[in-house]
Amino acid sequence: MELFPPMPLAEWRDTKETLHRFTQVVGKIRLAASVRRNHWWNVPFHLTGRGITTRPMGQVDGNPIFTIDFDFVDHRLVVATADGRTGSFPLLGQSVASFYQQTLETLAALGVRVEIPIPRPYRLADSGRPFAEDFEHAAYDPAWANRYWQVLCQVGLVLEEFAARFSGKVSPVHLFWHSLDIAHTRFSGRTVDQPPQVDPVTREAYSRELISFGFWFGDANLGEPAFYSYTTPEPAQLAEDPLTPASAQWIVLNDSHLAVLRYDAARTEADPRATVLAFYESAYQAGAARAGWDVGHLACPGGITDPRLPAPPL
């Protein structure tokens, strides 16, 4: 597959909306069955050679160790336990309601009991409707689902390459199911005192100063896929700094500035991969300089922290 193939939101919006809710069902199971990690790092999905995975969970809650994977090659949801048992069902032909029911039944057949405290979408337009009652979202085009995963893999590797340049505290490259974006975040180590009215999810996510980098497939705010970056707390005059390439821009979103490089602009460049890396670097340099980070100290050229080790020994 070509690097960054076409991904027009209008052509797979129905599949995306259904798949987004599928991932939220499984994501909420992950939230309920995993040990809490700082900044909610226990919650996101990770990429596999066939789709996305929850990673192992269970055990501390009395359940067997288990994983839930989306297989976007054979288009099945696969539940596996550490003792080798598996259960699966097709993604094609499911409404959110049937997907929710089959997921719980597949878990139960393997001896896994997980209660989702709030079994309805998070921060979506129909957040008041229980998963069990959503028969509206039932579109699943296997070709678009597979391409979605292929693009995630391509972007994920670019983010991994970018992450290697920083030696401080960083998040994994992971997929957040609440907004369906893949992201990597760098931290300065400074504590952020959130206002009392800030909700618990945001308080934990942004309890430290950070610069985040990622990609999402388009939504109501920006109706096309795009690479992005933001600094929080946002330093003064951040949006005055130039971004690379020239097609990248600062946009206002939720009263703050977001650096955006539209996917279609990146994919038409002579070297799309290098273009995205340059975009992320320009956004990082802008945020880090304005916030007073020690950029030189935090640099990690070639993924190596030891200046006397110019190349891998193997």
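I began with burial: a residue is buried under 20% relative accessible area, exposed over 50%, and partly exposed in between (1.4 Å probe, protein chains only).

I noted that this is a predicted model, where local features need pLDDT of at least 70, side-chain atom pairs count only at pLDDT 80 or more, and totals for chains, interfaces and linings use all residues. Residues are numbered from 1 along each chain as its sequence is written, and side-chain values use heavy atoms, with hydrogens and water left out.

**Entry 1: salt bridges**

I looked up salt bridges (a side-chain nitrogen of Lys or Arg within 4 Å of a carboxyl oxygen of Asp or Glu). The structure has 16 of them.

I took Asp134 and Arg129 to start. They form a salt bridge, with the closest N and O atoms 3.4 Å apart. Which network do they belong to? Shared partners join Lys16, Glu17, Arg21, Asp126, Arg129, Asp134 and Glu136 into one network. Asp134 is buried, at 1% relative accessibility. Arg129 is partly exposed, at 22%.

Next I checked Arg267 and Glu2. Their side chains meet in a salt bridge at 3.6 Å, N to O. Arg267 sits in helix α5 (residues 263–267) and Glu2 in the segment before α1 (9–33), so this pair ties together parts 265 residues apart in sequence. For these names, helices (H or I, at least four residues) and strands (E, at least two) are DSSP runs, numbered from the N terminus. Arg267 is partly exposed at 25%, and Glu2 is partly exposed at 46%.

Then I found Asp74 with Arg50, the closest N and O atoms being 2.9 Å apart in their salt bridge. Asp74 is in the loop between β3 (66–71) and β4 (76–81), and Arg50 is in the loop between β1 (46–47) and β2 (51–53), so the pair links parts 24 residues apart in sequence.

**Entry 2: the sheet**

I traced six strands in an open sheet, in the order β6-β7-β8-β9-β11-β10, with antiparallel pairing. Two strands pair if DSSP finds at least two bridges between them. Which strands stand at the edges? They are β6 (174–176) and β10 (249–253); each has a single partner strand, so one side of each lacks a neighbour in the sheet.

I looked at β8 (residues 208–216) and β9 (residues 226–232), which pair over seven bridges. Phe215 has Phe227 of β9 as its bridge partner. Helix α3 (residues 142–163) packs on the sheet and touches β6, β7 (181–191), β8 and β9. Contact means heavy atoms within 4.5 Å.

I found a cis peptide bond joining Thr232 and Pro233, with omega about -5°. The bond from Thr244 to Pro245 is cis, with omega near -5°. Where is Pro233? Pro233 lies in the loop between β9 and β10, and Pro245 lies in the loop between β9 and β10.

I then checked phi. Phe4 has a positive value, near 55°. Phe4 is in the segment before α1. Is Phe4 buried or exposed? Phe4 is buried, at 0% relative accessibility. Asn254 has a positive phi near 55°. Asn254 is in the loop between β10 and β11 (256–262), and Asn254 is exposed at 67%.

Conventions: Axes fitted to C-alpha atoms, helices over the stretch in contact; angles between N-to-C directions.
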